[in-house]
Amino acid sequence: MKNPADEASELRAFLEEHNRNYYVLDNPTISDTEYDEKFLRLVELEREFPELRTPLSPTQRVGAEPLKEFPSHQHLQPMLSLDNAFGAEELIAFDERVKRGLQLDPEAAITYLAEVKFDGLSLSLTYENGALALATTRGDGTQGEVVTQNAKTVRTIPLRLAETETGVIEVRGEIVMQKEVFEQLNQTRLARGEQVFANPRNAAAGGMRQLDSRLTAERKLTFFAYGVGFVEGFSGWPNTHSEILSLLKRNGFLVYDRLRRCHGIQEVIAFTEEILAARSSLPFGIDGVVVKVDSLAQQDELGLTSRGPRWAVANKFPAEQAFTTLVSIGTQVGRTGVVTPVAELEPVFVGGVTVSRATLHNWEEVARKDVRPGDRVIVQRAGDVIPEVVGPVIEETKVRAAKPQAPTHCPACNTPLIQQLGMVAWRCPNRRTCPAQIESRLIHFASRLAMDIEGLGEKQIARYLELGYLTDLPSIYRLADFRSELENLDRMGERSTENLLTAIEASKTRPLERMIFALGIPLVGSRTAKDLARTYGTLQKFRQAHANELSAIPDIGETTALGIESWLADEENQEMISCLLTLGLAPQGTQGRTSDYFAGQTLVFTGKLEQLSREQAEEFVIQNGGKAAGSVSKNTTLVVAGPGAGSKLAKAEQLGVPVTTEEGFLASLPDELRASLEE
């Protein structure tokens, strides 16, 4: 009689092999009945001998007991965003930038790999010594949610790599729901009397974020691999992105075969046109084509910006359009007091979502487009993000309403609106008591990219404003005074109240860059806030900034500098900052330059660092007068290489750039600088 352990091992290998044949290779070699018999036998063995059940067993693909929450995980290598292009002209401009970056002749032909851009949820899979160890969502690009148990239910995610059994690798890809599966899922939900999903992307993303992985298994999701992140311990690493995709296919991943290795940008343009024409017939949703320089050596030479790679671009397809009725034109007051027109629409499915509101930008735009309530209008999602009204379909409208007039008073506080010289926007000057502005500022302040106060979303803010618990930004930090009232509200209670107050307390020590962004200073986005935090180091120094020094900061122009200075010169704003500090806010500052030790030097960190994170190391170099680059060039002064260093190390050796280890780098520092890293 066969030993149970040996039988279980053979069954696992058999089932994984045929799982790959069926889901990845689309080439089943056994019947469903035979597969089911083997699967049930393995279930029986694991039930009889629990010690035989392993985390990577095929039986785990059906889901496990529900989790209480998703922990977060920092990606070993950030999942960066891509710059966008919209059509042939911008693709040609991207090609020209690539050639300039590589110092090539304008007539040279770059080899690109063009792939479809999936409309799903980005996922990072970490394999250690060939076994799936971790699955995380993209999150903010630096860290995401751990969804390992859910990932195991996706049949196109191998639990173990077919060829590779050593090292660490992050495999990047997209979770999507096939259109056919989406339609079946919605039919099932309708039969159950449940709300249907708006689009496949939401159904896929929601499926991966189920705390009960058995529910994820029911979604029948698909994972397409499209690249790698961190890699360590691999010999003979490929030289091109095309070869990486081949390696992924050999290791059991589903790589969508509708891609093309293009010689020159004109072949890329031809491919994008083909995919656009085939878009509606594809089995899953896409929103463009991703174009990447194929050579990994050229990718390294081009390097990265703070946002994403210079060697790749996402060619976004034209926004999908739909027709609906414009019910009315309302107004919206933003956090800076700008009053904008908003189109209230009969709900329509466009660009992958159901839209009932759309932007009209400003009142001059309303007049230019001549849209009126009751019109049949064209709606599109500009850049597949912001729904907008393109214009009316006049011939379909029998009798048109009167032309809408721009408001003269704020719809929220009835204050007369003003229009600054040379500006299109009308603004409510009542910053202090306008309820709409206060609400918008509170929503922005508590948002994820700002102070990230969980439990204080739009609905809660509106409710607490109505009850008088919130009045301005500092009042967030006085909500503890209303603990008993909060506990007695519907759908709150002691636990929810405690969680909210804990989140508010935790926000007091957010990084300085988040605090600056949260203040809602006009023209200051998250990237500018980071530059300001790095320059000034503390909130006290920043609040005394002047335009002349602000405009000296790279990427901050004169208009932005004057705007920041004007905002800081406002006594009410300074009073608000003082109040926040009095209430205990202590933003963690980014230290300004502490020395000129690395002045004139450019350092590159590559591979896995053991004692510092990559971000820590690069920030340390910048604070001490140097530059931290993402790629090796002739201008690189030093390369610090950790385990897993690949093409960057090879490029350094080729160019004769000095190379050291992390240990050697730290040992070379003066005692006082090394001590500052250990604090």
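**Close-up 1. Salt bridge between R357 and E344.** In this predicted model, the side chains of R357 and E344 meet in a salt bridge at 3.0 Å, N to O, where a salt bridge is defined as a side-chain nitrogen of Lys or Arg within 4 Å of a carboxyl oxygen of Asp or Glu. Because R357 lies in strand 14 (residues 353–359) and E344 in strand 13 (residues 338–350), the pair ties together parts that are 13 residues apart in sequence; helices (H or I, at least four residues) and strands (E, at least two) are DSSP runs, numbered from the N terminus. R357 is partly exposed, with a relative accessible area of 40%, and E344 is also counted as partly exposed, at 24%, given that buried means under 20% relative accessible area, exposed over 50% and partly exposed in between (1.4 Å probe, protein chains only). Residues are numbered from 1 along each chain as its sequence is written, and side-chain values use heavy atoms, with hydrogens and water left out. Since the model is predicted, local features need pLDDT of at least 70 and side-chain atom pairs count only at pLDDT 80 or more, whereas totals for chains, interfaces and linings use all residues.

Close-up 2. The side chains of R400 and D370 form a salt bridge with an N to O distance of 3.0 Å. This pair links distant parts of the chain, 30 residues apart, with R400 in the loop between strand 16 (386–392) and strand 17 (426–427) and D370 in the loop between helix 11 (363–369) and strand 15 (376–382). R400 counts as partly exposed at 23% relative accessibility, as does D370 at 21%. A network of salt bridges links D370, R372, D375 and R400.

**Close-up 3. Salt bridge between R214 and D212.** The side chains of R214 and D212 meet in a salt bridge at 3.0 Å, N to O. R214 is partly exposed, at 36% relative accessibility, whereas D212 is buried, with a relative accessible area of 16%. By the distance rule, the count comes to 23 salt bridges.

Close-up 4. Helix 9 (residues 265–278) has 14 residues, which at 1.5 Å a residue should span 20 Å, and its end C-alpha atoms are 20 Å apart, in agreement; the expected span is 1.5 Å times one less than the number of residues. Within helix 9, I265, V268, I269, F271, T272, I275 and A278 are buried. The elements that cover these buried residues include helix 3 (88–102), strand 3 (111–118), strand 9 (260–263), strand 10 (286–293) and strand 11 (312–316), where contact means heavy atoms within 4.5 Å.
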